[in-house]
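My entries follow the display.

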Amino acid sequence: MSKILIIDDDTFICEILKKQLSSNGYKVETAFSGKSGMEAIKDGQFDLVLCDFRLPDTDGLELLQKIKAIAQSTIVIIITAYADIRQAVKLMKMGAEDYITKPLQQEELLALIRQKLTQDKLEVRKKQDHIYTDGDFIMGKSDNMRSVINLSRRVAPTNMSVLIQGETGTGKEYIARFIHQHSKRNNKPFVALDCGAIPKDLANSELFGHIKGSFTGAVRDKEGVFQQANGGTLFLDEIGNLSYDIQVRLLRVLQERTVSRVGENKAQKVDVRIITASNDDLLDEVNQNNFREDLYHRVNEFKINLPALRERKEDILFFAKYFLSASNEELELRIDGISADAELVLQKYPWHGNLRELKNVIKRAALMAPGQEITKDCLPREIVYPSDSDVNSENVEIGESKLKDASSEFEKQLIMRTIEEAGFNKSKAARLLKIDRKTLYNKIKQYGIEI
């Protein structure tokens, strides 16, 4: 019997829906606020949560984040008014399964719930739950990952700033969320910002907010991520990409625990726990004068080094099978497993892109599989024969030769190899090739290099 939780402050609607769903064979509980709904979820496992977008003590976005933080596999359907449909679509992109608009049509709702709670989908989710060994983080079974989890559990209840270092695709944001979920702030927001993805001229606004008219294009007041994360945790990914002047302002905010929006003299107190991450060794960046030493010590109260996938080979097949299960659900496939020859290829490949690369390869292979299993022939050529991508540039010492000296084909191979050597960190690759990031991006586009 599938278990459903209804969260809505309208007690009349709750009772009607509970009666209807119970009569159709579902076990139903109700909650009339976000707080009581989260208490119910913590006390028991639900297959599906039917949640009103507007609640007296929270909204759909915050509640969705909290639900997914402790019950990743639970299906969430949002109840919304027509005026909030755009928000509902945004929530779906962030993990909600679907939405339904008011006034509720009971037959339509029942059909949607039946569709989401088919036995096949529940079985896939239950299999995933065996892999999600703590919250929504896939630990694997290697000793070095278990060590990372133990460190994360130890630092989580404190307010210490945490620096997570590891190659791209190793799961740095998952560790940050894991720490937040096990902290005393887990009922407050977790806000993540990719510092490498924001334009330099907008970094101030993204971090600290702005007021209307403070610069061209500022048509309304905006909160920065510090205000959004107030009381909770702020995760700054790729912090090493922040410019020097932004580093100076960030250090001041961390020291004084106050923040002023762009164009505003008034300072606002903020209570935020900082977790940062970097693909590069930030201490090396400090020694090269690319990162402020005082800021480094401020964010590095506790460091966690996240191992690359090739350093925990016993996890490769574990994750491959998980990603296959997820691909089956997403692509509506029924691939039963991975052949022995394909498993051997997966275990031998160095996985410079780590879990992100493995996930993409398995998803593509599942789509290409002619039968009920992934075979060696389903895998990309560069995975089966990894030496092919290095053959034209293997004997070139990275950093010794400028990119302009290479022929077109050689140039492409050199770029690909350098990006891999840099752990898929394009800023680092550009420095090794002695070009700027814009030139590197243009070359990637020119040669059709897939990253």
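This is a predicted model: local features need pLDDT of at least 70, side-chain atom pairs count only at pLDDT 80 or more; totals for chains, interfaces and linings use all residues.

Entry on burial. I looked up Y349 and found a relative accessible area of 5%, so Y349 is buried. For W351 the value is 0%, so W351 is buried as well.

Entry on aromatic pairs. I counted 6 aromatic pairs in the structure. F208 belongs to helix α9 and F226 to helix α10, so the pair ties together parts 18 residues apart in sequence. I found both F208 and F226 buried. Y349 and W351 form an edge-to-face pair, with 4.6 Å from centre to centre and 80 degrees between the planes. I also noted one aromatic cluster formed by F318, F319, Y322 and F323.

Entry on the nonpolar cores. I found that the largest nonpolar core has 30 residues, and that L207, F226 and L250 are among those with the most contacts inside it. Elements that each supply at least two residues of this core include β7 (190-194), α9 (203-208) and α10 (225-228). Helix α11 gives the most, with 5 residues. Apart from this core I located another, of 27 residues, including I335 and L379.

Entry on a charge over a ring. I found K3 over the face of F46, at 4.8 Å from the ring centre.

Conventions
Residues are numbered from 1 along each chain as its sequence is written. Side-chain values use heavy atoms; hydrogens and water are left out. A nonpolar core is a set of buried Ala, Val, Leu, Ile, Met, Phe, Trp, Tyr and Cys residues joined through side-chain atoms within 4.5 Å. Buried means under 20% relative accessible area, exposed over 50%, partly exposed in between (1.4 Å probe, protein chains only). Helices (H or I, at least four residues) and strands (E, at least two) are DSSP runs, numbered from the N terminus. Rings of Phe, Tyr and Trp (its six-membered ring) pair if their centres lie within 6.5 Å; planes under 30 degrees apart count as stacked, over 60 as edge-to-face and the rest as tilted. A charge sits over a ring if NZ of Lys or CZ of Arg is within 6 Å of the ring centre and within 35 degrees of the ring normal.
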